[in-house]
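Dear colleague,

Please find the structure below, together with its sequence.

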Amino acid sequence: MRLPRYLQGWLSEVVALSMRRSHVNVNRERPLFSLYSAIIKTKARGLTPVIAEFKRSSPSGFSQERDLLQYVKFMEENSAVGISILTEEKYFKGSYQDLLKAARAVKIPVLMKDFIVTESQIDDAYQLGADAVLLIVRLLTRRELCGLMNYAKTFGLESLVEVHDESDLEIASSCGARIVGLNSRDLSTLTVNLETPLKLLPKVGNALKVVESGISGREDLSKFKEAGADSFLVGSALMKDPSKIKELISV
Ligand code: 137
């Protein structure tokens, strides 16, 4: 795989590490849970679909330890629409073990949140028990994105396709993305700008729209919902205070 020129610094290292990630040897033990259907059903129940992310650390300087199983079970009991598990090791202190344990503990959709650039990472996502994978348009060519989405589909895995601008969105749509993640965090500069998803939301079309990053409370959610967001991926705020899930789902 050829690295685009703008992938500098930590991001190029993360992608290089992804390409060398060793394979797991486990057998999937759980059925597939559809994130797409769960978002629709949660909305129909009058709740806000919040994907609760387990994230110990991040290159933005975030750091929070927490018991993984307690966290994911708490989120399930409190109607989170799904769980996102960071599995990148170096910068996020995540692991494949975290994904395996979380997926065995809950009966709601689980997203493998990593920097996926190879089919073998998708093999692993399936075996570890994920139901959906994150694919970041910025890291891939159009051909690679379409290829990885199709590969994921052969396992029945859904793709959350992450975009940061209109050109990413055009690529995601051309590959037939059904769930689009609008990230407020710029992966190169790590700065969060909530205006980014607000501007992109009206341009997404029919796919489900998941706003990612920088969400701290009810006010953010209301603003995005008015602009057409279907779901939200929340990490830092819930890692700091898991009980916040109760107010977020009831916006
Ligand atoms: P949060 O709610 O913590 O702001 O964001 C949740 C989620 O979007 C975020 O954790 C991403 O899954 C991965 N995060 C970061 C990053 C990706 C690239 C660079 C930095 C980060 O600092 O969280």
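Predicted model: local features only at pLDDT ≥ 70, side-chain atom pairs only at ≥ 80, totals over all residues.

Residues are numbered from 1 along each chain as its sequence is written, and side-chain values use heavy atoms, with hydrogens and water left out.

**The barrel**

Eight strands close into a barrel in the order E1-E2-E3-E4-E5-E6-E7-E8, and their pairing is parallel. Helices (H or I, at least four residues) and strands (E, at least two) are DSSP runs, numbered from the N terminus; two strands pair if DSSP finds at least two bridges between them. On average, neighbouring strands of this sheet are turned by 25° against each other, direction ignored. Strand E4 (residues 132-136) pairs with strand E5 (residues 158-163) in the parallel sense over five bridges. Ala 132 stands opposite Glu 158 in E5.

**Helix packing**

Helix H5 (residues 119-128) packs against helix H6 (residues 142-154) at an angle of about 30°, with their axes 10 Å apart. Axes are lines fitted to C-alpha atoms, for helices over the stretch in contact, and angles run from 0 to 180 degrees between N-to-C directions. H5 and H6 are therefore roughly parallel to each other (angles under 35 degrees count as roughly parallel, over 145 as roughly antiparallel, 65 to 115 as roughly perpendicular and the rest as oblique). In the contact (heavy atoms within 4.5 Å), Glu 119, Ile 122 and Asp 123 of H5 meet Leu 148, Tyr 151 and Ala 152 of H6.

Helix H3 (residues 68-77) and helix H4 (residues 96-105) pack at an angle of about 40°, their axes 10 Å apart. That makes H3 oblique to H4. From H3, the contact is made by Leu 68, Leu 69, Val 72, Lys 73 and Glu 76; from H4, by Asp 98, Lys 101, Ala 102 and Ala 105.

**The disulfide**

The structure holds one disulfide (a pair of cysteine sulfur atoms within 2.5 Å). Cys 146 and Cys 175 form this disulfide, with their sulfur atoms 2.1 Å apart. The link of Cys 146 and Cys 175 is left-handed, with -80° about the S-S bond. Cys 146 lies in helix H6 and Cys 175 in the loop between helix H7 (166-174) and strand E6 (179-183), so the pair ties together parts that are 29 residues apart in sequence.

With kind regards
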